[in-house]
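This report covers packing in a single protein chain.

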Amino acid sequence: PVSEADGILYRPATLEDATALAELRWDFHLEDYPGSASPAGRSPFIAACTLWVHHRLALSTWTVWVAEDRATGAIVSQIFIDLVDKVPRPGRLIDQYGYAPHVYTRPEWRSRGVGSRLMEWVKWWALGAGLEFLVLWPSDAARDFYARLGFVPEAEAVTLPLRPEG
């Protein structure tokens with residue numbers, strides 16, 4: 001499914017989008033963690049991340065939805081979704097949920113409805129794919145945004161950190 005609204009095309013990402021998605025990932029990380037990466041590390045990161053994205057899209061183990069500015073062809077928003085297989089249980093031998101570790105809209109495109117419309121497409125896609133639920137861990141600033149889209153806050157999961165993040 002593809003949709004266009006207000007000059008924005010909402011669609012699943014293709015293999016040809018891998019480099020643009022890697023570039024957005026770089027921008028997303030530096031926005032959330034300023035100073036965490038040196039500009040000299042950009043090119044090696046883009047190359048490695050492009051391969052990672054390309055591989056996951058080719059295997060269909062991840063889905064990425066994008067909002068593309070029709071005037072420029074630039075991807076202005078993206079959501080990465082890991083399709084997680086659940087352990088079989090009686091009555092449901094095959095089941096999946098979607099884990100979205102990466103949702104990003106370029107700052108200049110925020111508060112224009114782009115992210116909301118992209119998430120609406122993702123919700124329809126997830127329903128059609130038979131996913132049990134979508135899960136993400138939003139920033140404090142984004143909690144109201146996701147609540148307006150129907151996401152329900154739940155108790156925090158417990159985690160066991162195994163390595164320090166740097």
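Thr63 is placed in strand β3; strands (E, at least two residues) and helices (H or I, at least four) are DSSP runs, numbered from the N terminus. Thr63 is buried, with a relative accessible area of 15%. Buried means under 20% relative accessible area, exposed means over 50%, and partly exposed lies in between (1.4 Å probe, protein chains only). Leaving out residues up to four places away in sequence, Thr63 touches Ile79, Phe80, Ile81, Leu83 and Trp125, where contact means heavy atoms within 4.5 Å.

The model is predicted: local features need pLDDT of at least 70, side-chain atom pairs count only at pLDDT 80 or more, and totals for chains, interfaces and linings use all residues. Residues are numbered from 1 along each chain as its sequence is written, and side-chain values use heavy atoms, with hydrogens and water left out.

## Helix α3

Helix α3 spans residues 114-128, which makes 15 residues, and reaches 21 Å from its first C-alpha to its last, close to the 21 Å expected at 1.5 Å a residue. The expected span is 1.5 Å times one less than the number of residues. The buried residues of α3 are Val114, Gly115, Leu118, Met119, Val122, Trp125 and Ala126. Seen down the axis of α3, these buried residues fall within an arc of 120°, so they line one face of the helix; the arc is that of the directions from the helix axis to the C-beta atoms. An α-helix has 3.6 residues a turn, so residues three or four places apart point the same way.

Trp124, Leu127 and Gly128 are exposed on the other side of α3. The cover over the buried residues of α3 includes β2 (8-12), β3 (62-69), β4 (75-85), β5 (96-105), β6 (134-135) and α4 (143-148). After α3 comes Gly130, with a positive phi near 75°.

## Nonpolar cores

A nonpolar core is a set of buried Ala, Val, Leu, Ile, Met, Phe, Trp, Tyr and Cys residues joined through side-chain atoms within 4.5 Å. The largest has 22 residues, and those touching the most other members are Ile8, Trp65, Ile79, Ile81, Val114, Trp125 and Tyr146. Two or more residues come from each of β2, β3, β4 and α3. Which element gives the most to this core? It is α3, with 6 residues.

Ile81 is in contact with Thr61, Trp62, Thr63, Trp65, Gly98, Tyr99, Val122, Trp125 and Leu134, not counting residues up to four places away in sequence.

## Helix α1

α1 has 15 residues, and its first and last C-alpha atoms are 21 Å apart, close to the 21 Å expected at 1.5 Å a residue. Ala18, Leu21, Ala22, Leu24, Trp26 and Phe28 are buried in α1. The buried residues of α1 pack against α2, β3, β4 and β5.

## Aromatic pairs

Rings of Phe, Tyr and Trp (its six-membered ring) pair if their centres lie within 6.5 Å; planes under 30 degrees apart count as stacked, over 60 as edge-to-face and the rest as tilted. By this rule there are 10 aromatic pairs. Trp26 and Phe45 form a tilted pair, 5.6 Å centre to centre with 45° between the planes. Trp26 lies in helix α1 (residues 18-32) and Phe45 in helix α2 (residues 42-59), so the pair ties together parts that are 19 residues apart in sequence. Trp26 is buried at a relative accessible area of 8%, whereas Phe45 is partly exposed at 28%.

Trp62 and Phe80 form an edge-to-face pair, 6.4 Å centre to centre with 75° between the planes. This pair links distant parts of the chain, with Trp62 in strand β3 and Phe80 in strand β4, 18 residues apart. Trp62 counts as buried at 14% relative accessibility, as does Phe80 at 4%. Ring pairs link Trp52, Trp62 and Phe80 into a cluster.

## Phe151

Phe151 lies in the segment after α4 and counts as buried, at 18% relative accessibility. Neighbours within four places in sequence aside, Phe151 is in contact with Met119, Leu134, Leu136 and Tyr146. The C-alpha atoms of Phe151 and Phe133 are separated by 9.8 Å, and the two residues are 18 residues apart along the chain.
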